[in-house]
Amino acid sequence: GARRAEIVLLELDDLDLGERPTITIRRPTLASMNRRRDGASLKTEQRTLPIREGLAGLLETYVEDWRVHQIRPRRPSPALFLSAKDGRRLSCTTINQILKRAAMSAASVGLSQRVHPHCLRTTAMNTLSRKARDKAGRLDPSFRDSLTYFAGWSPGSEMPLTYTREALSEALGMLLRAPGKF
């Protein structure tokens with residue numbers, strides 16, 4: 001559910017792979033905003049999020065086995081994700097290219113869904129919304145605040161309603177189809 005600009009700005013220090021693995025997405029500094037060449041929007045709130053053990057294991061393997069081979073001795077980067085091309089921080093453009101290649105691979109086996117970073121973010125928000133609903137399709141009132149924090153929106157933002165439109169529509173359909181409701 002992270003923005004691609006947040007992903008490319010992750011540093012090694014933002015990763016905690018201890019007993020309860022977390023990742024911290026930080027509010028961009030003025031220096032990091034000035035360094036950005038791809039014009040990515042850096043409108044994020046700082047947050048620390050838990051990550052699953054499986055993802056933590058993959059990230060640990062990446063850091064220990066792959067990333068170390070990409071570091072350039074003269075200019076080692078503190079970035080979590082490095083480019084195989086030059087050992088520097090990935091750019092938002094590179095993330096787009098990676099997803100484009102993944103979509104082309106999926107298309108080769110008959111899957112034709114469009115894949116882009118914003119689609120992945122929206123899907124993550126809808127998935128969280130679906131999982132948070134009770135059997136009657138209702139959400140706990142505090143869920144919106146949790147989703148706002150998780151996604152890095154400012155408190156009181158209306159964005160959770162926009163990003164979970166699909167899940168809200170499904171829940172409304174469930175309520176309308178429920179026997180004895182109308």
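**Note on the predicted model: sheet, salt bridges and burial**

1. The side chains of Asp-14 and Arg-26 meet in a salt bridge, with 2.5 Å from N to O; the term denotes a side-chain nitrogen of Lys or Arg within 4 Å of a carboxyl oxygen of Asp or Glu. Asp-14 sits in the loop between helix H1 (4–8) and E1, and Arg-26 in the loop between E2 and helix H2 (30–35), so the pair ties together parts that are twelve residues apart in sequence. Helices (H or I, at least four residues) and strands (E, at least two) are DSSP runs, numbered from the N terminus. Asp-14 is buried at a relative accessible area of 4%, whereas Arg-26 is partly exposed at 42%. Buried means under 20% relative accessible area, exposed over 50%, and partly exposed in between (1.4 Å probe, protein chains only).

2. On provenance, this is a predicted model, in which local features need pLDDT of at least 70 and side-chain atom pairs count only at pLDDT 80 or more, while totals for chains, interfaces and linings use all residues. Residues are numbered from 1 along each chain as its sequence is written, and side-chain values use heavy atoms, with hydrogens and water left out.

3. The secondary structure comprises eight helices and three strands. Along the sequence the pattern reads α-β-β-α-β-α-α-α-α-α-α.

4. The three strands form an open sheet in the order E1-E2-E3, with antiparallel pairing. Strand E1 (15–16) and strand E3 (47–50) are the edge strands, each pairing on one side only. Two strands count as paired if DSSP finds at least two bridges between them. E1 and strand E2 (residues 22–25) are joined by two bridges, and Leu-15 has Ile-23 in E2 as its bridge partner. E2 and E3 are joined by four bridges; here Thr-24 is partnered by Thr-48 in E3.

5. In a regular strand the side chains alternate between the two faces of the sheet.

6. The whole structure contains five salt bridges. One of them links Arg-3 to Glu-6, whose closest N and O atoms are 2.8 Å apart; both residues are buried. Another joins Arg-144 and Glu-158, with the closest N and O atoms 3.0 Å apart. Arg-144 belongs to helix H6 (residues 143–151) and Glu-158 to the loop between H6 and helix H7 (159–163), so the pair ties together parts that are 14 residues apart in sequence. Arg-144 is partly exposed at a relative accessible area of 31%, as is Glu-158 at 47%. Salt bridges that share partners join Arg-3, Glu-6 and Arg-47 into one network.

7. Glu-60 is placed in helix H3 (residues 53–70) and counts as partly exposed at 37% relative accessibility. Glu-60 and Leu-15 are 45 residues apart in sequence, yet their C-alpha atoms are 9.5 Å apart in space.

8. Of the 182 residues, 32% count as buried. The accessible surface comes to about 12,200 Å², of which 56% belongs to carbon and sulfur atoms; accessible areas come from the Shrake-Rupley method with a 1.4 Å probe, and for residues only the protein chains shown count as cover. Among contacts with a separation of 6 or more, 54% are between residues 24 or more positions apart, a contact being heavy atoms within 4.5 Å.
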